[in-house]
Amino acid sequence: MKVLVNNHLVERDEASVDVEDRGYQFGDGVYEVVRLYNGQFFTYDEHIERLYASAAKIDLVIPYTKEELRKLIESLVAANNIHTGNVYLQVTRGVQNPRNHVIPDDFPLEGVLTAAAREVPRNEKQFIEGGTAITEEDVRWLRCDIKSLSLLGNIMAKNKAHQQNALEAILHRGEQVTECSASNVSIIKDGVLWTHAADNLILNGITRQVILDVARKNGVPVREADFTLTDLREADEVFISSTTIEITPITHIDGVQVGDGKRGPITAQLHSYFVEEIVRSCGELAVAK
Ligand code: PDD
């Protein structure tokens, strides 16, 4: 397996980063996860726009143009012969010796790009059968719109879900539901799709944006607004979404069944619209065996 370290493709076992990289020491950096189907990127530009936007929000300069970055990522995908899989890429603020919270203003740090690509098939069983979730107080910082490397709040919540055999942790600030540890959450109530507005309290998921777009185009009413834990518990359907899990139904929350405990009809319909978008940009998907 080859990985990218700056503009070099190297064997994974031979790749190294500096111990005084600010990404390693402070989580000072940003990242993206981009999906490929049939060897083609899905929503690549949207992910890369968000990467540069996240970087700009923390005054991090990505040391490549978007065109240069695309060539590098394409070379990574080709070197690993990825058909249906994920590219993880991150850019840190770079190496600072000695460690100092202060970002130096007298000499610019060189951003460090690392990326890896892996074959990951679509989990069609999970798209249909769904999974369970727990609810957990959202203790993260107030800039969740930045796809930051610093993910302690997310991983603590995800791990708590994992310990309870749940797929995800649905996060809430008091009564208000925000998103999940590694995905966005939406509910269907009386035929309306509800999801938190794209403000500083959530990551504006690219998958979320595609879902809202296809929902609007196909006449599913959308409400981008806060909803409460009570709304969540009383929802007809609940689903989570991300690049890697597409649209995954949530069948139980904190052990209590959602609706009839099966993927709901609007969730299924939205997923088929979503798949149409994938097919439009990446070609037909193989039928599950
Ligand atoms: N996570 N919210 C959070 C906190 C996330 O970490 C993610 C994605 C999303 C959904 O974003 P998108 O639809 O653009 O993937 C929402 C990625 C997949 C990860 O960290 O692995």
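## The second largest cavity

About 40 Å³ of space lies in the second largest cavity of this predicted model. Its lining is made by Glu237, Val238, Pro249, Ile250, Val258, Lys262, Arg263, Gly264 and Thr267. Two elements give two or more residues each: β14 and β15 (246-253). By class, the lining holds four nonpolar, two polar and three charged residues.

## The largest cavity

The whole structure was searched for cavities of 30 Å³ or more, and two were found. The largest cavity has a volume of about 60 Å³. Its lining residues are Arg35, Tyr37, Phe42, Thr43, His47, Ile206, Thr207, Val210, Thr243 and Phe274. Five of these are nonpolar, four polar and one charged.

Which element gives the most to this lining? The answer is α6, with three residues. Both β3 and α6 supply at least two residues. Domain 1 (2-119) and domain 2 (124-282) each contribute at least three residues to the lining of the largest cavity.

## Two domains

The protein chain is divided into domain 1 (2-119) and domain 2 (124-282). Their C-alpha centres lie 26 Å apart. The contact between them takes 27 residues from domain 1 and 21 residues from domain 2.

## The largest pocket

The largest pocket holds about 850 Å³ of space. Its lining counts 41 residues. Nearest the centre of the pocket lie Tyr31, Lys147, Leu151, Asn154 and Ser181. Several elements give two or more residues to the lining: β3 (29-37), α2 (44-57), β5 (85-92), α5 (152-163), β9 (176-180), α6 (206-217) and β14 (237-242). The largest share, five residues, comes from α5.

The lining of the largest pocket divides into 17 nonpolar, 17 polar and seven charged residues. Where does this pocket lie relative to domain 1 and domain 2? Both domains give residues to its lining, so the largest pocket lies between them.

## The second largest pocket

The second largest pocket has a volume of about 390 Å³. It is lined by 20 residues. Val17, Tyr88, Gln90, Thr114 and Ala115 lie nearest its centre. The elements that give two or more residues to this lining are β1 (2-5), α1 (22-26), β5 and β6 (112-119).

β6 gives the most to the lining of the second largest pocket, with five residues. The class count for this lining is 12 nonpolar, five polar and three charged residues.

## Helices α6 and α8

Helix α8 spans residues 265-282. The axes of α6 and α8 come within 9 Å and cross at roughly 105 degrees. Are these helices parallel or perpendicular to each other? Angles of 65 to 115 degrees count as roughly perpendicular, so α6 and α8 are roughly perpendicular to each other.

From α6, the contact uses Thr207, Val210, Ile211, Val214 and Ala215. From α8, it uses Leu270, Tyr273, Phe274 and Glu277. By class, the contact of α6 with α8 has seven nonpolar residues, one polar and one charged. Thr207, Val210 and Phe274 take part in this contact, and these residues also line the largest cavity.

The peptide bond from Asn97 to Pro98 is cis, with omega near 5 degrees. Pro98 is placed in the loop between β5 and β6. Both of these strands give two or more residues to the lining of the second largest pocket.

Asn38 has a phi near 50 degrees. That is a positive value in a residue other than glycine. Asn38 is in the loop between β3 and β4 (40-42). β3 gives residues to the lining of the largest pocket, and β3 also supplies at least two residues of the lining of the largest cavity.

Methods: Residues are numbered from 1 along each chain as its sequence is written. This is a predicted model: local features need pLDDT of at least 70, side-chain atom pairs count only at pLDDT 80 or more; totals for chains, interfaces and linings use all residues. Side-chain values use heavy atoms; hydrogens and water are left out. On a 1 Å grid over the protein atoms alone, a cavity is a set of points where a 1.4 Å probe fits but cannot get out, and a pocket is an open set with protein on both sides within 12 Å along at least five of seven lines; lining residues have an atom within 4 Å of a point. Grid points are joined across faces, edges and corners, and a volume is the space filled by probe spheres set on the points. Helices (H or I, at least four residues) and strands (E, at least two) are DSSP runs, numbered from the N terminus. Ala, Val, Leu, Ile, Met, Phe, Trp, Tyr, Cys and Pro count as nonpolar, Asp, Glu, Lys and Arg as charged, and the others, Gly among them, as polar. Domain bounds come from an automatic or database domain assignment. Axes are lines fitted to C-alpha atoms, for helices over the stretch in contact, and angles run from 0 to 180 degrees between N-to-C directions. Angles under 35 degrees count as roughly parallel, over 145 as roughly antiparallel, 65 to 115 as roughly perpendicular and the rest as oblique. Contact means heavy atoms within 4.5 Å.
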